[in-house]
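Here is a short briefing for a first look at a structure. Keep the sequence and the 3D view open while reading.

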Amino acid sequence: MAENNQFITIKPQINDFTKEVDAYVEQLPVVIREQMRQALYQEYEENYAQEEALCREMLEKLPDHPEVLSLLGRCLFSQRKFAEAREVLEKVLAIDPGLK
């Protein structure tokens with residue numbers, strides 16, 4: 001019997017997603033709001049290279065911001081850059097152990 005290692009992904013409807021993103025980014029510093037919005041849309045569209053670039057731009061403005069690092073970690077993981085993802089996510093946990 002072959003083992004199936006695939007994941008099932010359920011995407012929210014775009015309208016629900018848009019509302020969630022808008023509410024979320026309003027809580028972030030103004031200097032990264034628009035880039036975070038764009039990065040989350042790139043993640044929704046599974047365009048991880050663009051998402052990574054946006055995360056790195058945000059980190060230039062706010063180095064070590066835990067929520068940006070967390071998003072970058074997810075993005076790197078999605079691109080199968082496991083070693084770098086682990087390093088980034090460990091940094092997130094060191095900065096903010098309660099971040100989910």
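Predicted model: local features only at pLDDT ≥ 70, side-chain atom pairs only at ≥ 80, totals over all residues.

A search of the whole structure finds nine salt bridges. The structure also holds three aromatic pairs.

**Salt bridges of arginine 37**

- Side chains of opposite charge can pair when their charged atoms come close.
- Arginine 37 forms a salt bridge with aspartate 22, and their closest N and O atoms are 3.1 Å apart.
- Arginine 37 belongs to helix 2 (residues 30–44) and aspartate 22 to helix 1 (residues 14–25), so this pair ties together parts 15 residues apart in sequence.
- Arginine 37 also forms a salt bridge with glutamate 34, with 3.0 Å between the closest N and O atoms.
- Here both partners, arginine 37 and glutamate 34, lie in helix 2. They are three residues apart, about one turn of the helix.
- How accessible is arginine 37, buried or exposed? Its relative accessible area is 16%, and buried means under 20%, so arginine 37 is buried.
- Aspartate 22 is partly exposed, at 30% relative accessibility. Glutamate 34 is partly exposed too, with a relative accessible area of 42%.

- Arginine 56 forms a salt bridge with glutamate 84. The closest N and O atoms of this pair are 2.5 Å apart.
- Which helices does this pair tie together? Arginine 56 lies in helix 3 (residues 48–61) and glutamate 84 lies in helix 5 (residues 82–95), so the link is between parts 28 residues apart in sequence.
- Arginine 56 is partly exposed, with a relative accessible area of 33%. Glutamate 84 is partly exposed as well, at 32%.
- The pair belongs to one network, in which salt bridges that share partners join Glu52, Arg56, Lys81 and Glu84.

- Where does glutamate 46 sit? Its place is in the loop between helix 2 and helix 3.
- Glutamate 46 counts as partly exposed, at 46% relative accessibility.
- The loop between helix 4 (66–78) and helix 5 holds arginine 80.
- Arginine 80 has a relative accessible area of 64%, and exposed means over 50%, so this residue is exposed.

**Aromatic rings**

- A pair of aromatic rings is described by the distance of the centres and the angle of the planes.
- The structure holds three aromatic pairs. In one of them, phenylalanine 77 and phenylalanine 82 have their ring centres 5.2 Å apart and their planes at 65°, so the pair is edge-to-face.
- Phenylalanine 77 is partly exposed, with a relative accessible area of 49%. Phenylalanine 82 is partly exposed, at 41%.
- Which residues form one aromatic cluster? Phe17, Tyr41 and Tyr44 do.

How values were computed
Residues numbered from 1 in each chain as written. Heavy atoms only, no water. Salt bridge = Lys/Arg side-chain N within 4 Å of Asp/Glu carboxyl O. Helix = DSSP H or I, 4+ residues; strand = E, 2+ residues; numbered from the N terminus. Buried < 20%, exposed > 50% of the residue type's maximum accessible area, 1.4 Å probe, protein only. Phe/Tyr/Trp six-rings, centres within 6.5 Å; stacked < 30°, edge-to-face > 60°.
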